[in-house]
Amino acid sequence: MKMSIILYECKKAFTSPILISLILLFAAFNIFTIISSSDHKEELKIVNDIVDTYGLKITEESLARYERDLQDDLVELNIITVAHRTKEYESVLQFFDELKFENHNLYSEKEWDSFGQLQLKEMYFTMAKSIDEEYATIDIQKIAEYEIKRFGLTGPAAESVKSEYENFSIRFEEMKQNGEHKEWFFAGKAHRMHSLLFKSTFRQLVMESMILIVLATALITNFEFENRTQFITYATTRGRRLMTDKLIASLLATTAIVGFLMMITLAMFFWIFDYSHVWKSSINSAFTWEYNFPNVTWWNMSFITFLICISLLVYMCMILFSVTTFAISVFTKNSYLTFILFATFFIIAYMMPSFIPTSSRVMLAVGYNLSSIVLNPHVAFMGTSGLMMFKNYEWMTVVVWTGLALVSCFISLRLFTKEEIK
Amino acid sequence: MLVVKNVSKHYGKFNALHEINLEFMNGVYGLLAPNGAGKTTLIKMMSTLIFPSEGEILYDGKNILDMDEEYRSMLGYLPQQFGFYKNYSPKQYLLYLAALKGIGKKQASEMIPELLEKVALSDVMNKKMKKFSGGMIQRVGIAQALLNDPKILILDEPTAGLDPKERARFRQLLSDLARDRLVIISTHIVSDIESIANEVIMIKNQQVLFKDSVGNICDSLNGCVYETAIPFDQLASFRKRYVLLSEKQEQGRMIVRFVHKGEAGVQWQQAVPHLEDVFLYEYRDDIQAEV
């Protein structure tokens, strides 16, 4: 019987024209943004070819083989160039450097394609060759000093960060020992696929999901008060326990909304971008390095594991946002007010650390909030993520906020059972 | 048996009801008082929507708040403002409310057409309620109150929006229902309950004024209600001296019905008091009259 009530409550959200329109609009928008960012998708295929030919791990033996094949390809390039201009090149890079505008028409479309492929192949080879050299220059303590200076940390807060970076340097060495960074992946500096997926796409997904779940939860929770049916529904046998059903219905609606949006968005993403050969590649691959520091997670994670963890983390945060919205709704009994209060809560939680002295560890503690996690999914689980770099940051934040959300939810439900229905 | 025991309700400093004591058995009870007298407050307390500030409400000796679901499973309630989901049909809405009342879908699907037939809505069972008139909505409200075949049926202003034909049908329905259950009807329309209520409860100054049969309540004005014909120009002074219950024009004169508790005047005809007379008399405005 209770399940049927929960389904009736869910139905209220999923028959709301505004909610349905927004879900479809957001799904369409995500598809549009993915397609509009896919101009380089053909270039990514080279990585699949490389993994197919040389394996996922970059070893000395595979690199030597790669180099030999590259030389053979260069010979073929020179055959073509000599046929047209009687000049030989030592690398594709040199060919492109010396290419003049008027020489463009010398080569056919097919030849240009092969040059492009060869250029990419050479770029990946050069990058692979320089991994050790690049990683040797990374000094974790310098990163720590940089971050401490960037955030203006002093006193105990600075000590905590410094100490965590010391722990992280052990992990960094372990990562190098494991060779996690020596696995093929799409070139981060050229294509920024990590940012495209985990920053742009996931952040977009997070914002959309958040709008939808706050609306859905507020709609389900406040439905009776906004339709003036509270005198009927709360005087039935189920009584005020209906509010508990509404909570469960809100969580189910959240699961369905996040699940649907995530499924559509990620399905589109991986349909457009071919990740078929790099699922098992490490997220710490040197190729995912895009900006100042490479990606280094606290744990050895493959790309697919990282993707699953981020998806679960985002889902968990959305569930907690739904619970928080529910607690607010029980008090306000008004969807608009709930939306405004939730937005205020979200922004305050995100900005809170900036109001606390940078010498205090409290500043680091208030940084353990859901707003920071969902706005920075691309650096989750990583030791190179500013003040989110703490090893236990994600799970501790989720556990603490689960506790807070459950307490607020419990209090609101308890108060509601004693509240007069007016 | 439902017992309201020493129940008071305060909203801050405002006293809505004060030490109300009532007992209800099976039958129809009319809760008669003008708007704002505290009828809805009392009814909401009996429906567990709000709680007494003092005192308690007992069903078969148990506090209804402690009985919780057990009490509400016996309760059918139609609030004064019957809210509905405008995009639902009566059938969909009643199915949802049936689930809240603990009735299985199969059983509800069988009951709902019968109930809607009783309130003459079977033709529009699957139409969205947003197109319904006020009377039709009120009939959906009556149907939902009957969904769980309640032992206690509480109806707050149930005839609001109903036309005379619908009111007659509704009174008939209530008479049938009241045979084996307790029906409490809150209203300020005397005719709704005059002919069907076993007992009428009148609330005045936050307290129970009467709880008696219609006949006994009417007896409180026995020998005090008169009718007489007066010229138009005497009407104003007549109003000042007596509590007028009704006035109508007839053959160029005014026929007035009024209350007077002293010696009868010449040409006054004593009338049998009706419940409406008592209602108008008890809830009269401050009339500058010698009664």
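A:Cys317 is buried, its relative accessible area being 0%; here buried stands for under 20% relative accessible area, exposed for over 50%, and partly exposed for what falls in between, using a 1.4 Å probe and protein chains only. The model described here is predicted, so local features need pLDDT of at least 70 and side-chain atom pairs count only at pLDDT 80 or more, while totals for chains, interfaces and linings use all residues. Residues are numbered from 1 along each chain as its sequence is written, chains are lettered from A and ligands numbered from 1 in the order in which they are written, and side-chain values use heavy atoms, with hydrogens and water left out.

Over all chains, the search of the whole structure gives 0 disulfides, a disulfide being a pair of cysteine sulfur atoms within 2.5 Å.

A:His40 sits in the loop between helix H2 (17-36) and helix H3 (41-54) of chain A; helices (H or I, at least four residues) and strands (E, at least two) are DSSP runs, numbered from the N terminus. A:His40 is buried, at 13% relative accessible area. Not counting residues up to four places away in sequence, A:His40 touches A:His191, A:Met193 and A:Phe273. A polar atom of the A:His40 side chain also lies 3.5 Å from the backbone oxygen of A:Ser37.

Turning to the two chains together, the contact takes 31 residues from chain A and 34 residues from chain B. Chain A and chain B bury about 2,700 Å² between them, 58% of it on carbon and sulfur atoms. In chain A, A:Tyr8, A:Ile232 and A:Thr237 lose the most area to chain B, together making up 26% of what that side buries. Between the chains there are 4 salt bridges, and A:Arg241 forms a salt bridge with B:Glu69, with the closest N and O atoms 3.1 Å apart. Helix H1 (2-14), helix H11 (193-226) and helix H12 (230-233) of chain A each supply at least two residues of the side of chain A that touches chain B. H1(A) gives the most to that side, with 6 residues. A network of salt bridges links A:Arg238, A:Arg241, A:Asp245, B:Asp68, B:Glu69 and B:Arg72.

Over all chains, the structure holds 34 salt bridges. In one of them, A:Glu147 pairs with A:Arg150, the closest N and O atoms being 2.9 Å apart. These residues are 3 apart in helix H8 (residues 140-150) of chain A, so about one helical turn separates them. A:Glu147 counts as buried at 4% relative accessibility, whereas A:Arg150 is partly exposed at 48%. The side chains of A:Arg171 and A:Glu174 also meet in a salt bridge (2.9 Å, N to O), and both residues lie in helix H9 (residues 155-178) of chain A.

Chain B has 11 helices and 14 strands, and 53% of its 291 residues count as buried. Within chain B, B:Glu56 forms a salt bridge with B:Lys5, the closest N and O atoms being 3.9 Å apart. B:Glu56 lies in strand S4 (residues 54-59) and B:Lys5 in strand S1 (residues 2-11) of chain B, so the pair ties together parts that are 51 residues apart in sequence. Both are partly exposed, B:Glu56 at 28% relative accessibility and B:Lys5 at 39%.

Note on methods. A polar contact is a pair of N or O atoms within 3.5 Å; within protein, one must be able to donate a hydrogen and the other to accept it, and residues adjacent in sequence count only if both atoms are side-chain atoms. Contact means heavy atoms within 4.5 Å. Buried area is the accessible area (1.4 Å probe) that two parts lose on being put together, summed over both.
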